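Q: Could you walk me through this structure in a few questions and answers, please?
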Amino acid sequence: MVRQARSEATRRKIIMSAVELFNEIGYPAAGLGDIIERAEMTKGALYYHFDSKEALATAIIEEGSTNLWNAFQGIAQSPAPTLESIIHGVFVVADLLSTDKVARSGTHLLRAFGEFNDAAAHTYAGWVDEMTACTAQAIAEGDLRPDLDAHAVGETIVAAMLGAELLSNATAAGADVLERVARTWRVLLPAIVSAESLPYFREFLARESLRHSAMPPTSDFVDP
Amino acid sequence: MTEPLDRRADATRLQILRAASRQFAQKSYNLVSLDDILADADVTKGAMYFHFRSQHALAAAIIEYRAEVARAAVDELVAHKLSGLETLIDISFLIAIDDIGDESARAGLNLLESIGRTDGLRTDVVERWVAVFTEITRKAVEEGDIVEEPEHVAKLLVSMYLGLRQTSNPAEPERFLRDLQNAWALLLPGFTKPERMAYVTQFIKRRTAIAMKKARSL
């Protein structure tokens with residue numbers, strides 16, 4: 001039991017050291033030697049847990065996406081109307097990206113490995129499926145327009161959020177991700193929300209700045 | 001294979017608590033006899049006294065149990081990270097839905113009205129409830145939705161719910177939820193920033209609609 005706990009602690013330390021290095025100098029520049037040095041481990045300890053740098057990256061991708069997925073599910077499974085959960089859930093995920101280092105590193109690695117890593121492929125597919133199901137539900141509840149194609153909307157939401165995160169990283173080192181996500185929703189809402197629900201959701205969106213204190217208030221609920 | 005003794009004892013204790021909840025959910029404390037509970041739980045008097053030294057102790061255990069369950073549910077709602085005022089509204093509808101359709105919730109709240117005045121249990125449970133609401137209200141004040149003293153607002157909201165159980169009736173789901181919505185509508189202007197009223201009113205209307213769909217009578 002003690003041994004198992006110690007082994008888990010070692011694994012954690014390796015992952016956290018790798019995450020720090022990947023965040024500081026990027027995946028390609030970080031060698032296994034640097035990771036071992038940062039973690040103050042022997043090569044044997046590292047190879048006991050991970051047989052390659054890619055295995056280590058895959059573990060980070062998996063842990064990071066699990067954290068983000070659980071955060072979204074926690075919101076999606078609340079009894080709130082589904083469109084409220086979709087919007088709020090996306091913000092909670094974006095918020096987590098700025099506080100959870102493993103999740104952030106995992107997202108970057110996911111992007112780098114997207115084309116040839118299984119973990120990456122099923123992560124994206126999982127999000128699109130989930131968002132499609134949520135969209136269909138929100139259409140049934142009357143908050144989204146009845147003539148929408150749920151899959152197309154689900155895909156658009158996932159793509160827009162990934163894009164917002166990418167732009168935020170490229171231009172502001174991820175500091176303004178919540179504002180970018182808010183701007184994206186502001187553009188998206190009039191295109192998909194039913195006329196009846198639109199004024200409510202404009203305010204619901206404006207209130208996200210209340211819900212995440214890190215985000216500067218944008219408009220104080222002025223109906224455009 | 002024999003079950004470990006303490007696990008079997010736990011199962012019996014739970015069985016008694018469930019049967020008693022069923023009884024107290026339907027009838028007031030004074031109308032429930034120990035024999036009703038024993039018959040429903042299918043346990044002997046001896047077994048009951050092994051776990052609870054009196055009917056009163058059994059009722060107190062139900063209140064405590066319910067308070068714990070409610071606390072866990074509130075923590076889960078707070079973890080959803082909505083604003084303070086939205087969280088308070090969500091909690092009130094969550095409690096109402098449980099009160100309508102969950103025996104231990106209905107029994108716990110019924111019992112809170114009939115026992116515990118002298119031994120401090122009621123004060124203790126209600127004070128904990130007010131403390132949790134005060135904390136969430138404080139957040140709502142920081143966010144600019146609520147403009148009154150947090151503790152006063154918290155006390156008003158708890159009184160509102162406990163009073164609503166008297167003037168309305170959780171056994172009539174639609175009426176009860178409508179009355180809850182109306183009570184919120186009347187209270188809100190007393191502590192909400194005027195420019196936030198329109199949104200919050202809509203929010204309550206949407207929560208009422210969901211609760212109507214979700215609530216299942218006992």
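Predicted model: local features only at pLDDT ≥ 70, side-chain atom pairs only at ≥ 80, totals over all residues.
Q: Which span does helix H5 of chain A reach from its first C-alpha to its last?
A: Residues are numbered from 1 along each chain as its sequence is written, while chains are lettered from A and ligands numbered from 1 in the order in which they are written. Helices (H or I, at least four residues) and strands (E, at least two) are DSSP runs, numbered from the N terminus, and the expected span of a helix is 1.5 Å times one less than its number of residues. For H5 of chain A, residues 82–99, 26 Å is expected for 18 residues, and the helix comes close to that, at 25 Å.

Q: Why is H5(A) largely enclosed by the rest of the structure?
A: A residue is buried if 20 or more other C-beta atoms lie within 10 Å of its own, exposed if 12 or fewer, and partly exposed in between, with C-beta atoms placed from the backbone. H5(A) is largely enclosed because its buried residues number 15 of the 18.

Q: Which residues does A:Val90 touch, not counting those up to four places away in sequence?
A: A:Val90 is among the members that touch the most others in the largest nonpolar core, which has 56 residues. Such a core is a set of buried Ala, Val, Leu, Ile, Met, Phe, Trp, Tyr and Cys residues joined through C-beta atoms within 7 Å. Beyond its sequence neighbours up to four places away, A:Val90 touches A:Met161 and A:Val181.

Q: Which helix gives the largest share of the side of domain 1 of chain A that touches domain 2?
A: Chain A is divided into domain 1 (1–51) and domain 2 (53–211), with bounds from an automatic or database domain assignment. Between them, 9 residues of domain 1 are in contact with 12 residues of domain 2, contact being C-beta atoms, placed from the backbone, within 7 Å. The largest share of the domain 1 side, 5 residues, comes from helix H1 (residues 2–25) of chain A.

Q: How many residues does chain B bring to its contact with chain A?
A: Chain B has 10 helices and 0 strands, and of its 218 residues 35% count as buried. Its contact with chain A takes 13 residues from chain A, and from chain B the number is 12.

Key:
Contact = placed C-beta atoms within 7 Å.
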